[in-house]
Amino acid sequence: MHCIERTDHDMDGMHYEGVIIRPPSEADSVLLQVTVGCSHNKCTFCGTYKGQRFRFKDEAIIQADLRYAARNLSFLKRVFLTDGDALILPQTRLVRLLTRIREELPWVTRVGLYGNAKSILRKTPGELRELRELGLGIVYLGLESGAEEVLREVRKGVIPERMIEAGRRIREVGLKLSVTVLLGLAGRERSLVHARATGAVLSAIDPTYVGVLTLMILPNTELGRKVEEGQFELLTQTELMQELRELLSHTHMTRGLFLANHASNYLPLKVKMPSGKDRALQAIDAAIKGVVPLKPEWMRAL
Ligand code: SF4
């Protein structure tokens, strides 16, 4: 799942189509739309690009947006390429694009994008290194769950082993990797299985950042319909906290940050791994016991 957050900066002169989303950490980035929609677009919980046919954007329009950004957005030092899966672009196109970003916006220090396991594994390590040398700095990968049955159920279209392979490939070529996981995605019965398996996959990948989001049900999705028909049980706040606890205790990272500070979460956490883990587990325990207040429902957002 990706984070639905737009930008505070005025990008009115850019050519956007459909819904534009970005990770929270890209709040101060130029949002450059290079694809429209998501190349997968089948996840049962995701309504972001429903009805949107995936396609590459016209290079002349991208070039015009780059010129606009050069004139009006030079105070932004990062670029984030949207939409859902910009890494699926052919290598020659990405090379051309990153080269143009360097030419038009020479002050940019990092380019980021979303990549799914398939689009990452379609690139050889050599190709990914070439992109890194041209300015790509970070890839955001939506893992959602490390449990095979959960990935199958939500139609993520990939097995955990491929997620691990993809995540490791990004790390091995020296790119930063941010992996998103989704609390509540497995429903009640498989909650702890989901948490443990997700922790195991995160440990195997050892990413730079983990971003924990909490499932929010969207009415225009298959999962939304299942909830309406009583076929999917949503977790209570306490159950979500228990799932978060299980996830964090099974996540072994050698460095980096474990972040549960997205607007969809009930208990905001920013954990420096591995040193901050024990304290974070204590904070979650306190929340489960009701000692620490949780965010009220009306304050949660995608
Ligand atoms: S990969 Fe799945 S969650 Fe991500 S944008 Fe596409 S459909 Fe949505």
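Author: Let us begin with burial: Phe80 and Tyr140 are both buried, where buried means under 20% relative accessible area, exposed over 50% and partly exposed in between, computed with a 1.4 Å probe on protein chains only. Please keep in mind that this is a predicted model, in which local features need pLDDT of at least 70 and side-chain atom pairs count only at pLDDT 80 or more, while totals for chains, interfaces and linings use all residues. Residues are numbered from 1 along each chain as its sequence is written, and side-chain values use heavy atoms, with hydrogens and water left out.

Reader: How many aromatic pairs are there?

Author: Rings of Phe, Tyr and Trp (its six-membered ring) pair if their centres lie within 6.5 Å, and planes under 30 degrees apart count as stacked, over 60 as edge-to-face and the rest as tilted. By that rule there are four aromatic pairs. One of them joins Phe54 and Phe56, which are edge-to-face because their ring centres are 5.9 Å apart and their planes stand at 90°. Phe54 is partly exposed at 24% relative accessibility, and Phe56 is likewise partly exposed, at 31%. Phe80 and Tyr140 also make an edge-to-face pair, since their ring centres are 5.7 Å apart and their planes meet at 80°.

Reader: Which parts of the chain does the pair of Phe80 and Tyr140 tie together?

Author: Helices (H or I, at least four residues) and strands (E, at least two) are DSSP runs, numbered from the N terminus. Phe80 belongs to strand E4 (residues 78-82) and Tyr140 to strand E6 (residues 136-144), so their pairing ties together parts that are 60 residues apart in sequence. Together with Tyr114, these two residues form one aromatic cluster.

Reader: What does the side chain of Ser145 reach?

Author: A polar contact is a pair of N or O atoms within 3.5 Å; within protein, one must be able to donate a hydrogen and the other to accept it, and residues adjacent in sequence count only if both atoms are side-chain atoms. The side chain of Ser145 comes to 3.0 Å from the backbone nitrogen of Ala147. Ser145 sits in the loop between E6 and helix H5 (148-153), and its relative accessibility of 0% makes it buried.
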